[in-house]
Amino acid sequence: MRLLALAASVSVLSFAAACGANGQDPATAGAAGAPLETRAANAPDQQPAFPGQTRAPAVRTETALAHAVVASGLEHPWGLALLPDGRWLVTEKPGRLRIITAEGVVGEPIAGLPRVDARGQGGLLDVAVAPSFAADRLVYWSYAEPRDGGNATSVARGRLSADGGRIENAQVIFRALPTYDGDKHFGSSLAFDGAGHLFITLGERSDAAMRTQSQDLGSHMGKTIRINADGSVPQDNPFVGREGALPEIWSLGHRNVQGIAIAGDQVWTVEHGARGGDEINLDQAGLNYGWPEVTYGVEYRGTPIGEGVTAREGIEQPVYYWDPVIAPGGMAVYDGAMFPAWQGNLLVAALKDKHIARLVLEGNRVVGEERLLTDLGERVRDVAVGADGAVWAITDEANGKLVRLAAR
């Protein structure tokens, strides 16, 4: 075991008591407010489908905030999940899973996980605690699985031993198909809904030869997946019984979804665009989210993606998009006592832009955006809410950190 010193780094955002109940500054919030994003767009000729779909007004939190680096020395941590006793499960991309206490004690790697393919964007990815953990101690994780002919995203589960030192009876419950020899766009985030279904997000593997599989119901690539906790298929999945369709598929037309959060019956996902076009989606059963035929943003080389189409009948629009991109990682829906003004807000980890994006919602529309944790200066990979309402995050760095953001 390693005990890492608690290094407090203070980030303060003072604000007037006149702020509204949703934490917005009346002087900057609303339709007339100045947008938070002021950089030039990568696709300046593209127009949003409705007001507020991009460049939301800047808002600020009225409570003074401070962050503390709770643990460091992690190698490119990727996934973060809260155990019932207040400790955190954290994955490291090379293939290690650790337990970290709220006080910063970092455990040795947990034994019993399968081998991962840690090339490029692959490796050990997300981790989730079963809703039934108190009874069965089951833990789920996604990873780039090495296979004959290449690799692909798989999801496994196993029992965390009573001493937290090993995973027992590990079994793979889902394997994305087809296998492909590549090192990009594996996805993959995990979340349980209130009925115990497991949602899995997947990328389309990036390469031009694979992109179109996002639109192919015979492939798992570029899809959101919904399975039962044991890996079986729920019979009310939208494509069950359709000829040529894989029954695990929940939705299609995604590029590389690395964040998912579920609140009630709403499934929210966030995915990477190319240059411009990072998307927040309300991910619904059976719907098509367009990639690569309908999307915002442009190719990395600056040319249009496909025909450059941003809207088409039968294709779902993103609730929100960023241009230029923030490179989103994990996400959470805020539900905690520490920041009542944030209730129901989306918290999105930003890798390229090195912050947490707080998105204020009214209904299913974004009406305000704030950047949190900007003074840390590191790529934020995943974000979660602790039992007391503090926000926890991990940073995707060679010296990765576990950070707690709380009221000062």
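1. Helices (H or I, at least four residues) and strands (E, at least two) are DSSP runs, numbered from the N terminus. On that basis the chain has two helices and 26 strands. The radius of gyration, taken over C-alpha atoms, is 20 Å, close to the 22 Å that the globule rule gives for 408 residues, so the chain is as compact as a globular protein of that length. The globule rule is 2.2 Å times the number of residues to the power 0.38.

2. This is a predicted model, in which local features need pLDDT of at least 70 and side-chain atom pairs count only at pLDDT 80 or more, while totals for chains, interfaces and linings use all residues. Residues are numbered from 1 along each chain as its sequence is written, and side-chain values use heavy atoms, with hydrogens and water left out.

3. The C-alpha trace spans about 55 × 55 × 40 Å along its principal axes. Of the 408 residues, 58% are buried, where buried means under 20% relative accessible area, exposed over 50% and partly exposed in between (1.4 Å probe, protein chains only). Among contacts (heavy atoms within 4.5 Å) between residues at least 6 apart in sequence, 61% join residues at least 24 apart. The chain exposes about 15500 Å², and carbon and sulfur atoms supply 50% of that area, by the Shrake-Rupley method with a 1.4 Å probe.

4. The search runs on a 1 Å grid over the protein atoms alone: a cavity is a set of points where a 1.4 Å probe fits but cannot get out, a pocket is an open set with protein on both sides within 12 Å along at least five of seven lines, and lining residues have an atom within 4 Å of a point. Grid points are joined across faces, edges and corners, and a volume is the space filled by probe spheres set on the points.

5. The largest pocket has a volume of about 850 Å³. Its lining comprises 36 residues, with Leu-190, Ala-191, Ala-332, Ala-384 and Val-385 nearest the centre. Two or more lining residues come from each of β4 (77–82), β8 (124–129), β12 (190–192), β16 (257–263), β20 (328–333) and β24 (380–385). By class the lining holds 27 nonpolar, five polar and four charged residues; Ala, Val, Leu, Ile, Met, Phe, Trp, Tyr, Cys and Pro count as nonpolar, Asp, Glu, Lys and Arg as charged, and the others, Gly among them, as polar.

6. The second largest pocket holds about 360 Å³. Among its 20 lining residues, Gln-121, His-272, Leu-351, Arg-379 and Arg-381 lie nearest the centre. This lining divides into six nonpolar, eight polar and six charged residues.

7. Three cavities of 30 Å³ or more are found in the whole structure, and the largest cavity has a volume of about 60 Å³. Residues lining the largest cavity include Arg-55, Asp-323, Pro-324 and Glu-369. β19 (320–322) and β23 (365–372) each give two or more residues to this lining, and β19 gives the most, with three.

8. Some backbone details deserve a check. Most residues other than glycine have a negative phi, and most peptide bonds are trans. The peptide bond from Asp-323 to Pro-324 is cis, with omega near 10 degrees; Pro-324 sits in the loop between β19 and β20. Another cis peptide bond joins Trp-291 and Pro-292, with omega about 0 degrees. Arg-55 is not a glycine but has a positive phi of about 50 degrees, and is partly exposed at 27% relative accessible area.
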